[in-house]
Amino acid sequence: MLRRSLFPLIAALPLMMQGALAGRRLGMVIHSFSNRWRGRYSSVKFPPFRDVLDAMDYLRGVGGHSLQLGVDGWDMSLAGRARATSESYDMRLEGIVRLPQGPGDAERFTRELRLGKEAGISLFRVAAGGRRYENFTSRADFETWKQVAQRSLEFAEPLATKAGVKLAVENHKDFETDELVELMQKVASPQIGVCLDTGNNLALLEDPLTVVQKLAPYTLTVHLKDIAVRPVDEGFHMAEVPLGMGMLALEEMIPVITAAAPRADFHLEMITRDALLIPCLRDDYWATFPQKSGLDLARALLLIKTQAAAAPLAKISELPMEAKLAQEEKNVLTSVLVAGERLGFSQLRMKAVLDDDGR
């Protein structure tokens, strides 16, 4: 069995944590199954999730509360079956949708909101962009993108209002925290908020707990993850790891979020993949950060050094498919165990038995 001694369990959760998560169950983002979702392989032990119904069946098995996933490619029949299944399982669904790129994209965007609404979805996670240090080579390019992102969100807002749904913008390694707060204040709509990712902004050299404190008042939904880091010549590697096995202060973050956003659902985002390179010691990384100081870099590198993982981070891409699937399953189930025993989430249970090797 997966021995509890693997985790430094607390004898009793602090009263603040107990109150913060009283009666709460953990959900999952479909990205936690990036290898299994709509897979084209054949595995008896780890069959692929062909659609939302397969994913909900799995989530029910571990006592999960909600599932966040895209609705692209759905039809009304599937949406209706998803709604009926979620209701019978006492489960919530949240959507993932691309922001409209202008009037020509309004029909696609509106159709996906309607499909989601048919499935009982009232909240959609959106991302305005991707990793800014990879996508932009100058501050001017980034500022142009920021203006386009704001216009896209402003265009989407009345469409979401008409559909009766809310949009949650993820901090997706694109906006610095203060930039995302500024966007929320400019758009200033009850239909628009934040999908708070607990680890992403470390890639922008921001302190994760400070990010949570600033974004929590705008939060509609949460991507709960833990992060492991290792310094390298060009900066550092960061990777999602099972909850409780990384460097994030989750026990401090969760009460902050629940106090400011008591209705927000928490979704595990445990992506089993190779570590990401954050090349903060290369000149081109800084192209969009003219205001960021050497002190920001020094603080980040000190944090990386003091919290560095003891061993190199896993190279998932080198594993055969069955081993990838086994590692993905182990990462998710380990997170489920920690969420229930250390973080205070309720009604989580093990779907499968893990032995010492995670097989």
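**Exercises on helix packing and strand pairing**

Helix α8 and helix α9 (residues 250-260) pack with their axes 9 Å apart and at an angle of about 5°. The model is predicted: local features need pLDDT of at least 70, side-chain atom pairs count only at pLDDT 80 or more, and totals for chains, interfaces and linings use all residues. Residues are numbered from 1 along each chain as its sequence is written, and side-chain values use heavy atoms, without hydrogens and water.

**Exercise 1.** Classify the packing of α8 against α9 and describe the contact.

*Solution.* Step 1: axes are lines fitted to C-alpha atoms, for helices over the stretch in contact, and angles run from 0 to 180 degrees between N-to-C directions. Helices are DSSP runs (H or I, at least four residues), and strands are E runs of at least two, numbered from the N terminus.

Step 2: α8 is therefore roughly parallel to α9 (angles under 35 degrees).

Step 3: Pro208, Leu209, Val212 and Gln213 of α8 make the contact with Glu252, Met253, Val256 and Ile257 of α9 (heavy atoms within 4.5 Å).

**Exercise 2.** Repeat the classification for α7 and α8.

*Solution.* Step 1: helix α7 (residues 177-187) packs on helix α8 (residues 208-215) at about 10°, with axes 10 Å apart.

Step 2: α7 is therefore roughly parallel to α8.

Step 3: Thr177, Asp178, Leu180 and Val181 in α7 meet Val211, Lys214 and Leu215 in α8.

**Exercise 3.** Determine the strand order of the open sheet.

*Solution.* Step 1: the 3 strands are ordered β8-β9-β11, with antiparallel pairing (at least two DSSP bridges between two strands).

Step 2: β8 (226-232) and β11 (276-278) are the edge strands, each pairing on one side only.

Technical notes. Parallel < 35°, antiparallel > 145°, perpendicular 65-115°, else oblique.
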